[in-house]
Amino acid sequence: MTVNQNELAGWVGHTLVDDGGKKIGKIVDLYVDEDTGQPEWIAVNTGRFGSNISFVPLAGATADGEDLRVPYTSDQVTDAPNAAPDGQLTQDEEARLYGHYGIDYSEDRSSSGLPGTGGQTRQARDDTRSRTKGRDTSGPTTDDAMTRSEEELHVGKERREAGRARLRKYVVTEEETRTVPVTREKVRVEREPITEGNVGKAMDGPDISDEEHEVVLHEEEPVVTKQTVPKERVRLDTESVTEDRQVTEQVRKERIEADDDRTRGR
């Protein structure tokens with residue numbers, strides 16, 4: 001369903017989806033053309049924490065239920081050239097954005113606020129261009145200076161799994177020797193003479209006969225038993241160790257130099 005120009009302001013806060021229905025982000029603002037006053041750009045939040053604003057042409061946007069659908073892919077929107085969300089887009093920012101989305105850029109604007117088809121430009125714009133001191137031979141006319149940019153290296157940290165440590169318990173058998181004192185009995189023959197005190201026992205019984213006496217002998221033997229006894233508790237813990245690590249990456253830097261064709265060949 002075609003978007004009604006009178007209802008565009010109500011789309012702020014709704015979800016913007018791409019041509020395949022994939023979510024791009026939340027619409028945070030609509031930018032209008034300064035000359036026509038008509039909405040021309042959609043400012044959409046494509047960052048996870050509200051930190052990135054991308055711009056999408058309003059041309060071709062259609063209502064898709066509660067969402068607003070644009071004829072571009074989500075990757076195309078997130079890869080769009082950066083532009084500061086400060087309430088207006090400069091001519092250079094618009095030129096880069098239109099080129100990114102494959103739309104011919106013209107200084108004319110149609111009554112809808114979308115790029116015109118070219119042709120004659122407004123006289124006021126012609127007067128402004130005629131006063132421009134410099135001319136960008138690679139694109140639209142700009143002022144008398146160019147911007148030099150550099151890539152800056154920003155190094156962050158992310159936490160990742162580097163490996164795993166495990167506690168493993170297993171059983172080993174060792175020989176252990178202990179010394180235990182043991183006692184045993186041995187036979188000792190005792191002889192005593194006949195006296196008045198033992199003559200009665202000595203004369204008791206036959207005069208001559210065979211006789212046998214027996215004594216039970218005892219001894220101690222080592223007896224081994226085993227008992228399981230807890231000795232210690234073992235667990236795994238971690239500690240943080242901080243070390244310096246160098247990171248090397250290539251960065252691009254623009255250089256500007258003057259070239260005077262009048263000095264060539266001299």
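Contact here means heavy atoms within 4.5 Å. The model is predicted.

**View 1. N198 and its contacts with E192 and P193.** N198 sits in the loop between α3 (123–130) and α4. Leaving aside neighbours within four places in sequence, N198 is in contact with E192 and P193. A polar atom of the N198 side chain lies 3.0 Å from the backbone oxygen of P193. Is N198 buried or exposed? N198 counts as buried, because its relative accessibility is 15% and the cut-off for buried is under 20%.

**View 2. The hairpin of β1 and β2.** Strand β1 covers residues 15–17, and strand β2 covers residues 23–32. The two pair in the antiparallel sense, over three bridges. L16 stands opposite G25 in β2. Five residues lie between the strands of this hairpin. G21 takes a positive phi near 85° there.

**View 3. The hairpin of β2 and β3.** β2 also pairs with strand β3, residues 39–45. The sense is antiparallel, and the pairing runs over six bridges. Which residue in β3 is the bridge partner of L30? The partner is I42. Six residues lie between β2 and β3. In the turn, G37 has a positive phi of about 75°.

**View 4. A nonpolar surface patch.** L153, V155, V247 and V251 make this patch, which is about 330 Å² in area. V251 belongs to the segment after α4 (199–202). V251 is partly exposed, because its relative accessible area is 35%, between the cut-offs of 20% for buried and 50% for exposed.

Notes:
Residues are numbered from 1 along each chain as its sequence is written. This is a predicted model: local features need pLDDT of at least 70, side-chain atom pairs count only at pLDDT 80 or more; totals for chains, interfaces and linings use all residues. Side-chain values use heavy atoms; hydrogens and water are left out. Patches are made of residues with over 30% relative accessible area and no salt bridge: like charges are joined within 9 Å, nonpolar side chains (Val, Leu, Ile, Met, Phe, Trp, Tyr) within 5 Å. Accessible areas come from the Shrake-Rupley method with a 1.4 Å probe; for residues, only the protein chains shown count as cover. A salt bridge is a side-chain nitrogen of Lys or Arg within 4 Å of a carboxyl oxygen of Asp or Glu. Helices (H or I, at least four residues) and strands (E, at least two) are DSSP runs, numbered from the N terminus. Buried means under 20% relative accessible area, exposed over 50%, partly exposed in between (1.4 Å probe, protein chains only). A polar contact is a pair of N or O atoms within 3.5 Å; within protein, one must be able to donate a hydrogen and the other to accept it, and residues adjacent in sequence count only if both atoms are side-chain atoms. Two strands pair if DSSP finds at least two bridges between them.
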